Amino acid sequence: MSQPQPGVIPYGSSVIYSGPVDIARPINHDNIRGKTIVITGGASGFGAACLQEWASHGANVIIGDINEKAGTELVARIRQSTGNQNHHFIPLDVTSWPSQAAFFKQAARLSPHGGIDHVMANAGIADAPEQLVFEDPPDYARMDDGPPPKPAMRTLDINLNGVMYTTHLAISYLSRNPGSEKCQVGKHSGTRDRHLILVASIAGLAGLAGQPLYAAAKHGVVGLFRTLRLTTPLKSGIRVNMINPYFVDTPILGPLGAFVMAGGGMATVKSVVEATSRLVADQGIIGRALVIGPNTSEEDAKAMGLERAIEDQAVWDCYAHDFEQTDLFTRRIVGVTNLVTQARGWVGIWSDIRKNLSRKLWKSMGY
Ligand SMILES: NC(=O)c1ccc[n+]([C@@H]2O[C@H](COP(=O)([O-])OP(=O)(O)OC[C@H]3O[C@@H](n4cnc5c(N)ncnc54)[C@H](O)[C@@H]3O)[C@@H](O)[C@H]2O)c1
């Protein structure tokens with residue numbers, strides 16, 4: 001493919017994506033060996049379970065987490081059980097840009113081959129109190145002493161802004177992974193990879209009563225996935241995939257959450273690890289999303305708004321068929337944008353935007 005001119009999205013050929021994931025196909029764990037995998041929020045739950053699994057298959061796993069004690073202890077245990085000293089814990093706060101930038105830099109430096117093959121944007125919280133307050137605000141009109149305090153939005157800071165920082169850095173590092181090639185459909189294995197895994201949730205596909213911030217953040221991650229998968233494989237050769245787990249009993253739910261959900265058929269950490277391992281191990285999977293659902297009946301799954309693509313499976317593809325529509329829509333928009341960019345160049349576009357904004361500003365001032 002020829003080098004596109006700056007600002008032009010390479011849409012001349014078609015979008016690169018693979019067909020629906022064959023869940024029944026055995027996972028090629030051999031293709032995990034020797035890969036450097038970075039996981040945010042890797043000290044607990046999904047991240048910790050994936051670390052354990054991928055380390056057992058010969059990957060070098062580097063986790064970052066705000067929980068330094070749990071992360072350090074976990075990595076020490078995994079180093080001991082695998083005999084591999086290339087697993088690392090690095091303190092990380094995903095809400096902080098300097099912390100994330102330093103995390104990626106150190107991870108690449110610690111990687112035996114100097115690069116990163118997979119990034120799992122996984123760190124997340126579900127802060128119940130701030131969600132309750134959001135929907136039940138105080139009577140602001142009656143507060144007189146200056147501006148009222150800002151509402152807490154840590155769920156958005158971590159689950160969305162944190163993921164944006166991770167994604168931005170992942171694109172930078174994965175596209176420059178030494179010895180790696182651009183992803184290709186049909187190429188299922190290789191020594192090096194360029195892979196971003198976005199951890200969304202069922203709450204990114206459907207509303208989640210009582211969790212407005214969490215659902216908004218996860219819908220944001222789904223939007224990010226649906227957008228990046230159209231262009232990132234083309235522009236940077238990075239495959240972008242997503243997982244959307246249903247409720248799973250991990251510390252994020254808190255004791256009450258797990259208790260409330262216990263009778264409702266939860267998904268399992270094992271299924272999450274298996275689905276994510278499939279995405280990691282098969283380099284031919286590009287632009288796909290996997291729902292990890294509960295092992296409930298078909299009827300119950302439908303009642304929850306979860307229509308399975310594959311019967312009797314706890315894991316299935318979602319957005320399997322929307323490429324056609326999205327692709328067409330996006331292609332048209334991109335086509336028009338490219339034409340304008342080519343005709344006027346970036347300088348022209350920015351001057352249009354500036355003109356438009358200043359016109360609006362004058363109008364808002366009553367001129
Ligand atoms: N468990 C579920 O039911 C479920 C369902 C769908 C999606 N998810 C998503 O899966 C991901 C992992 O969740 P989990 O179930 O393993 O929960 P978990 O609480 O076990 O793990 C989350 C990890 O993120 C870390 N973390 C929190 N804030 C951080 C920050 N600012 N910087 C760095 N690390 C931070 C925590 O310390 C923890 O180790 C989250 O994004 C979550 O939203 C979970």
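Guide: A residue counts as buried when its relative accessible area is under 20%. Keep that cut-off in mind while reading this model, which is predicted.

Visitor: Is Ser-18 buried or exposed, and why?

Guide: Ser-18 has a relative accessibility of 6%, so Ser-18 counts as buried. Its place in the chain is the segment before strand E1, which spans 36-40.

Visitor: What does the side chain of Ser-18 reach?

Guide: Two backbone atoms can be named. The side chain of Ser-18 reaches the backbone nitrogen of Ile-286 at 2.8 Å and the backbone oxygen of Gly-284 at 3.3 Å. With neighbours within four places in sequence left aside, the contacts of Ser-18 are Val-185, Gly-284, Ile-285, Ile-286 and Arg-288.

Visitor: How far apart are Ser-18 and Arg-239 in sequence and in space?

Guide: In sequence they are separated by 221 residues, while their C-alpha atoms lie 9.9 Å apart. For the protein chain as a whole, take the contacts between residues at least 6 apart in sequence: 74% of them join residues at least 24 apart.

Visitor: What share of the chain is buried, and how many helices and strands are there?

Guide: Of the 367 residues in the protein chain, 46% are buried. The chain has 10 helices and 8 strands.

Visitor: How should I read the two sides of a strand?

Guide: In a regular strand, side chains alternate between the two faces of the sheet. Strand E7, residues 289-292, is the case here. Ala-289 and Val-291 are buried on one side, and Leu-290 and Ile-292 are buried on the other, leaving both faces covered.

Visitor: In which sense do E6 and E7 pair?

Guide: Strand E6, residues 239-245, pairs with E7 in the parallel sense, over 4 bridges.

Visitor: What surrounds Thr-36?

Guide: Thr-36 is part of strand E1. Its relative accessibility is 0%, so Thr-36 counts as buried. Beyond neighbours within four places in sequence, Thr-36 is in contact with several residues, among them Asn-60, Ile-62, His-113, Asp-117 and His-118.

Visitor: Where is Asn-159, and what does its side chain reach?

Guide: Asn-159 sits in helix H5, residues 154-175. Asn-159 is buried because its relative accessible area is 0%. Its side chain reaches the backbone oxygen of Ile-125 at 2.8 Å. Outside the four places on either side in sequence, Asn-159 contacts Ala-123, Gly-124, Ile-125, Tyr-214, Ala-217, Lys-218 and Val-221.

Visitor: How do I read the crossing of helices H4 and H6?

Guide: Look at the angle between their axes. The axes of H4 (residues 128-135) and H6 (residues 212-236) cross at roughly 100° and come within 8 Å. Angles of 65 to 115 degrees count as roughly perpendicular, and H4 and H6 are therefore roughly perpendicular to each other. Where they meet, H4 contributes Glu-130, Gln-131, Phe-134 and Glu-135, and H6 contributes Pro-212, Leu-213 and Tyr-214.

Visitor: How many aromatic pairs does the structure hold, and why is the pair of Phe-103 and Phe-104 called edge-to-face?

Guide: The search of the whole structure gives 4 aromatic pairs. For Phe-103 and Phe-104, the ring centres are 5.7 Å apart and the planes stand at 85°, so the pair is edge-to-face; the cut-off for that class is over 60 degrees. Both Phe-103 and Phe-104 are buried. Ring pairs also bring in Tyr-173, which joins Phe-103 and Phe-104 in a cluster.

Definitions and conventions: Residues are numbered from 1 along each chain as its sequence is written. This is a predicted model: local features need pLDDT of at least 70, side-chain atom pairs count only at pLDDT 80 or more; totals for chains, interfaces and linings use all residues. Side-chain values use heavy atoms; hydrogens and water are left out. Rings of Phe, Tyr and Trp (its six-membered ring) pair if their centres lie within 6.5 Å; planes under 30 degrees apart count as stacked, over 60 as edge-to-face and the rest as tilted. Buried means under 20% relative accessible area, exposed over 50%, partly exposed in between (1.4 Å probe, protein chains only). Helices (H or I, at least four residues) and strands (E, at least two) are DSSP runs, numbered from the N terminus. Two strands pair if DSSP finds at least two bridges between them. A polar contact is a pair of N or O atoms within 3.5 Å; within protein, one must be able to donate a hydrogen and the other to accept it, and residues adjacent in sequence count only if both atoms are side-chain atoms. Contact means heavy atoms within 4.5 Å. Axes are lines fitted to C-alpha atoms, for helices over the stretch in contact, and angles run from 0 to 180 degrees between N-to-C directions. Angles under 35 degrees count as roughly parallel, over 145 as roughly antiparallel, 65 to 115 as roughly perpendicular and the rest as oblique.
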